[in-house]
Amino acid sequence: MTRFAVLASLMALTAGLASAAEYIDGKPLNEVVAEDVRTCRGGQSVAMPVIAWGADGVTIHANGDSLTTEAGIFADAGWDVSLEVVDDFAEQVRRYMRCDSPFLRGTLGMLMAAAPVTEAQTETELQVIYKHSWSAGDGIVAASGIKSVADLRGKTIAIQAYGPHVDFVGRILADSGLSFDDVKVVWTRDLTGESASTPVQALADGEVDAAAMILPDARALTSGGTVGTGAEGSVKGATILFSTQEAAAVIGDYIAVRRDYFEARRAEVQAMVAGLFRAEERMRQFMADPSDPRREVLAKLMADELLGGLPPEEGVFLWQDAITDGWVGNVTHFTNPTDPRRYDQLTQEVNIALRGAGLLAQPYELDHAGWSFDEMADGLESVSARQIASFDPDAAAQAVTDLRRKGLIEDATKIEFRVFFEPDSQRFPADLYEDDFQEMLRLAATYSGAIITLEGHADPLHFLRREKEGADPKELRAIRTAGKNLSLQRAQALLAALEQYATGTGIAVNVDQFTLDGVGISAPKHNPPQSEQEWRENMRVVVRVLTTQAEATTFAPL
């Protein structure tokens, strides 16, 4: 079955969904899960949950390419692991509390949602031991007429309760100047499938204005990722408003373990995590090689066990939706204080999102293992920094030019941020612009799969004065050209200053992610400016996060 055929089958599935969406209360998880706590300090023969996510292929590979096996990396480290797909997170938490498994598997948002349950007692406190990946396979689908995140103000969004999308939606809202107070959330029990209680069903019924879902479902509702036609299960006018292909460092996936088990078995758990690093490195290599027979084995297993029997190529696509971290990513995430997407930064964001959504009454900090990662590098081929995601600067610039020529630049803009500069100046000294630089670097890191434009603007007042005074058309054209050149130079100066600041502070930045655009005086914020403040507001660089990353020639994820 081809990728198109699988998509068609998904569309057919949505066409056959139940006729009315169902919702749940979405209470904090401690009002849903009530389990007696059992001591959890047993041996290395354990059950371990996995979920239907590409990065969980690493765990399966470490377990000898099997859910239950006596061979493989885990077995070599003394583990006897039985893997089970448990996509119901509340059920995972129940099993965790009664020590059916000492492990909990979820996104940071999911783990944080469990905190009112797990952190109530010392022995069940979460110890985060491993970061699997970032997601590139989730999205927000919006109904007809909603073109930007700002358009969601006052609208209704469907989200799976205790699922992977609460903090994703919270981050996107926050970066667009909104919060959960500005929208209404309805909660579904399930994320995907034929259940009546899914975000897909809610949007298909027309009961909500937007819904967070996995990208295969998003593509089905939008006629293959374009605009829904209303045929074959799609929703007429629906579009993918935002996805983790752009927001490629928002949804992080982790494995956590109970404190009592961790304290009793720290060395053994460390050996397990070291095994996951080796499995990730090995799997990343052979999954990139279509001729490697190991790829076919893992793809089929993932399609069978994680996706319920879909064709093997769907296992490959599931893998490609995950940007796995491995050893290098874990070192960066847990130990690099300058990384804009480090663990403590993400923890802060997730707390804000879940409290805003009513799933937490107070903030929590989930301990991580504090590994000495150098001790876990044995057996790895490379522990140097991995190459960052790549952009084709020429293709990106052409994509932006095409958007502007077609008048679609505003429609493609998902997040906007402005940097103001002084009149007749092209300097952006760090002491004056540090806050702007920090925000630009955070946006670039968070939306690492999106093109970011630095769009220079100039004030039109001089042109308007000369036009009013009857200046020669040649002079007016010269003023326009000069304004365009000046605005481009300011965008160039801003990027150079940003790169210099990033280098000086040890923050990684991919300058190829940025395109430069000199608009000149053609799009002033105030025309004409009526005050000095408006005059200064016209002299700006607009930082746009665009969705044009979808151009295959523009962006290549890891």
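This report walks through a sheet, a helix pair and a disulfide in a predicted model.

**The sheet and the helix across it**

Let us start with the strands. Five of them make up an open sheet with mixed pairing, and their order is β7-β6-β8-β5-β9. The edge positions belong to β7 (184-188) and β9 (239-243); each has a single partner strand, so one side of each is left without a neighbour in the sheet. From one strand to the next, the twist averages 30 degrees.

Helix α6 (residues 166-175) lies across β5, β6 (156-160), β7, β8 (210-214) and β9. Relative to β5, helix α6 runs at about 60 degrees.

Which residues of α17 and α19 meet? On the α17 side they are A430, E434, F437, Q438, M440 and L441, and on the α19 side L494, A497, L498, Y501 and A502. Sorted by class, this contact of α17 with α19 has nine nonpolar residues, along with one polar and one charged.

**The disulfide**

A disulfide is a covalent bond between the sulfur atoms of two cysteines. Searching the whole structure turns up one disulfide. It is formed by C40 and C99, with 1.8 Å between their sulfur atoms. The torsion about the S-S bond of C40 and C99 is about 60 degrees, so the disulfide is right-handed.

The pair links distant parts of the chain, with C40 and C99 59 residues apart. C40 sits in the loop between α1 (3-15) and β1 (45-50), while C99 sits in the loop between α4 (89-97) and β3 (103-107).

Are the two cysteines buried or partly exposed? The table gives each in turn.

| Cysteine | Relative accessibility | Class |
|---|---|---|
| C40 | C40: 1% | C40: buried |
| C99 | C99: 22% | C99: partly exposed |

Since buried means under 20% relative accessible area, C40 at 1% counts as buried, whereas C99 at 22% counts as partly exposed.

Terms used. Residues are numbered from 1 along each chain as its sequence is written. This is a predicted model: local features need pLDDT of at least 70, side-chain atom pairs count only at pLDDT 80 or more; totals for chains, interfaces and linings use all residues. Side-chain values use heavy atoms; hydrogens and water are left out. Two strands pair if DSSP finds at least two bridges between them. Helices (H or I, at least four residues) and strands (E, at least two) are DSSP runs, numbered from the N terminus. Axes are lines fitted to C-alpha atoms, for helices over the stretch in contact, and angles run from 0 to 180 degrees between N-to-C directions. Contact means heavy atoms within 4.5 Å. Ala, Val, Leu, Ile, Met, Phe, Trp, Tyr, Cys and Pro count as nonpolar, Asp, Glu, Lys and Arg as charged, and the others, Gly among them, as polar. A disulfide is a pair of cysteine sulfur atoms within 2.5 Å. Buried means under 20% relative accessible area, exposed over 50%, partly exposed in between (1.4 Å probe, protein chains only).
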